Each structure stands twice: as C-alpha cells, then as structure tokens.
Amino acid sequence: MTSISVLLVDDEPLARAGLSAILAAQPGIEVVGEAADGIAVVPLIKRLRPAVVAMDVRMPLMDGIETTRVILRELPDPPKILIITTFEHDDYVYRALRAGADGFLLKRARPAEIANAVRTVAEGDSLLYPSAVRSMTMGHANPASRAVLDRAALTDREHTVLRHMTRGLSNAEIASQMYLGAETIKSHVSAILAKLGVRDRTQAVILAYESGFVGVNTPAGE
C-alpha cells in the first residue's frame with residue numbers, strides 16, 4: 001500500500017517535532033518535509049509532491065488562509081490541505097476552509113485522531129468534524145451561495161446525497177442509507193461537486209449551510 005506523504009508547516013519547532021513523531025509512528029503515513037512558514041510551502045510542494053499539507057492556521061509571514069489560496073491558485077494538481085488549529089471555532093479556521101482547505105486538525109487531538117484526520121482528507125470521501133463545521137458556519141449566511149445552489153439545479157437524489165454529506169457520512173455510509181452502491185454514490189458526489197463548482201465535499205457542505213439548504217440546527221454526526 002502506498003504511504004500518504006505529508007508536509008508539516010508550523011512556525012513552532014516543538015509543534016512540528018511532536019506532529020512528526022506522531023505521524024512517523026503511524027502505518028501508511030510518511031512525513032516527507034517540514035516548513036516554518038507558509039511562504040516556503042509552494043516550492044516544497046513542487047519538490048516533494050506531498051499528498052497532504054498539514055499547516056498551522058496562524059504563522060507570522062504567510063498564514064494558513066493565504067497559503068491555502070496560493071496553493072490552489074498556483075498549483076494545477078494541489079495536495080489536500082489540513083489546517084492545524086488550537087481552537088476549533090476560531091474564525092481563522094472557517095476562513096481557511098472557505099479558502100479551500102479540506103479539513104482541520106486540533107493540536108490537542110490524540111495520536112489516533114491525528115492519523116485519522118490525515119487519512120480522511122487524503123481519501124476525500126467523508127467530512128472531518130461535521131458538527132464543528134456546522135457551528136462555524138453559523139452567522140455566515142451568503143446570498144451568493146444560495147445563487148450557486150439554485151443555478152446548480154441538483155436532482156432530488158443529489159439533494160438527498162448532499163444532506164447526508166452535511167452529516168459527515170462517508171460514501172459507503174450514504175450508500176447504506178440510500179440502499180445504493182458505493183460507486184453510484186461516488187458518482188453522485190462527483191456530480192454535486194461539479195455542479196456547485198467546488199473542490200471537495202468540505203466546500204460543498206459549507207455552501208449547503210451558507211445557502212440555507214440545510215440549517216445550522218440540522219443534526220450532524222461526529
């Protein structure tokens with residue numbers, strides 16, 4: 001099995017060392033490089049080709065929000081982006097996700113949770129911390145997101161799949177709920193992302209909440 005290659009980006013050397021030690025001990029995950037600030041990230045991605053960039057949201061020269069924008073703007077085949085944060089409801093995290101990050105990781109997370117976060121964003125078929133994403137989106141109603149959803153003209157089945165996505169369900173879990181094959185659900189998810197013009201399911205879920213398609217009181221699993 002191919003290992004998931006990870007680039008760590010954090011201005012605190014101890015934080016990088018801790019994460020590196022944790023991930024190095026996990027089967028199927030390899031830390032291929034480190035950086036102390038977002039300004040160094042794009043050249044390292046071009047050289048190391050990591051599958052996942054695990055990046056602090058707050059850094060002195062270029063923070064995780066701007067670095068996310070630069071990665072997605074300058075690289076034709078960007079890696080998955082996992083934001084590292086101390087506080088899950090920090091507005092910086094919401095802004096990073098809105099900029100295109102694929103998920104976030106709490107610095108206080110246990111080693112197994114850190115490894116799971118890396119694997120989840122690398123695989124891209126489920127959502128990290130769906131309840132936290134829902135809470136972060138509170139107060140961010142966006143008419144532009146509503147317009148995008150209206151133009152997308154999702155089918156009834158795609159609407160149902162999107163609702164399950166907001167709950168954080170994986171493709172296999174959605175398939176079980178809808179009595180369909182996992183490949184069928186994967187096709188529906190791909191169609192939803194294309195119609196909404198978003199990079200991944202995290203962006204689709206944020207748009208679903210911002211547009212009012214689902215409300216912040218909609219139950220979401222962890």
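Is aspartate 77 buried or exposed? Aspartate 77 is exposed, with a relative accessible area of 54%, where exposed denotes over 50% relative accessible area, buried under 20%, and partly exposed in between (1.4 Å probe, protein chains only). The model is predicted, so local features need pLDDT of at least 70 and side-chain atom pairs count only at pLDDT 80 or more, while totals for chains, interfaces and linings use all residues. Residues are numbered from 1 along each chain as its sequence is written, and side-chain values use heavy atoms, with hydrogens and water left out.

**The sheet**

- Five strands form an open sheet in the order 2-1-3-4-5, with parallel pairing; strands (E, at least two residues) and helices (H or I, at least four) are DSSP runs numbered from the N terminus, and two strands pair if DSSP finds at least two bridges between them.
- From one strand to the next, the twist averages 25°, with axes taken as lines fitted to C-alpha atoms, for helices over the stretch in contact, and angles running from 0 to 180 degrees between N-to-C directions.
- Strands of a sheet pair through backbone hydrogen bonds, either parallel or antiparallel.

- Strand 1 (residues 4-9) is largely enclosed by the rest of the structure, because six of its six residues are buried.
- Ile4, Val6 and Leu8 point one way from strand 1, whereas Ser5, Leu7 and Val9 point the other way.
- Strand 1 runs parallel to strand 2 (residues 29-35) and is joined to it by six bridges; leucine 8 has glutamate 34 of strand 2 as its bridge partner.
- Strand 1 also runs parallel to strand 3 (residues 52-56), through four bridges, and valine 6 has valine 52 of strand 3 as its bridge partner.
- Strand 3 in turn is joined to strand 4 by five bridges, again in parallel, and valine 52 is the bridge partner of lysine 80 in strand 4.
- A right-handed β-α-β unit is made by strand 1, helix 1 (residues 13-24) and strand 2; a crossover is right-handed if, with the strands pointing away from the viewer, the path from the first strand over the helix to the second runs clockwise.
- Helix 2 (residues 41-48) lies across strand 1, strand 2 and strand 3, at about 160° to strand 1.

**Aspartate residues in loops**

- Aspartate 77 belongs to the loop between helix 3 (64-74) and strand 4 (80-85).
- The C-alpha atom of aspartate 77 is separated by 27 Å from that of lysine 107, 30 residues apart along the chain.
- Aspartate 102, in the loop between helix 4 (91-99) and strand 5, is buried, with a relative accessible area of 7%.
- The side chains of aspartate 102 and arginine 199 are joined by a polar contact of 2.8 Å, that is, a pair of N or O atoms within 3.5 Å; within protein, one must be able to donate a hydrogen and the other to accept it, and residues adjacent in sequence count only if both atoms are side-chain atoms.
- Leaving aside neighbours within four places in sequence, the residues in contact with aspartate 102 include Pro79, Lys80, Ile81, Leu97 and Val121, contact being defined as heavy atoms within 4.5 Å.

**Tyrosines with positive phi**

- Most residues other than glycine have a negative phi.
- Tyrosine 129, in the loop between helix 5 (111-123) and helix 6 (130-137), has a positive phi of about 45°.
- Tyrosine 179 has a positive phi of about 55° and lies in the loop between helix 9 (171-178) and helix 10 (182-196).
- Tyrosine 179 counts as exposed, at 76% relative accessibility.
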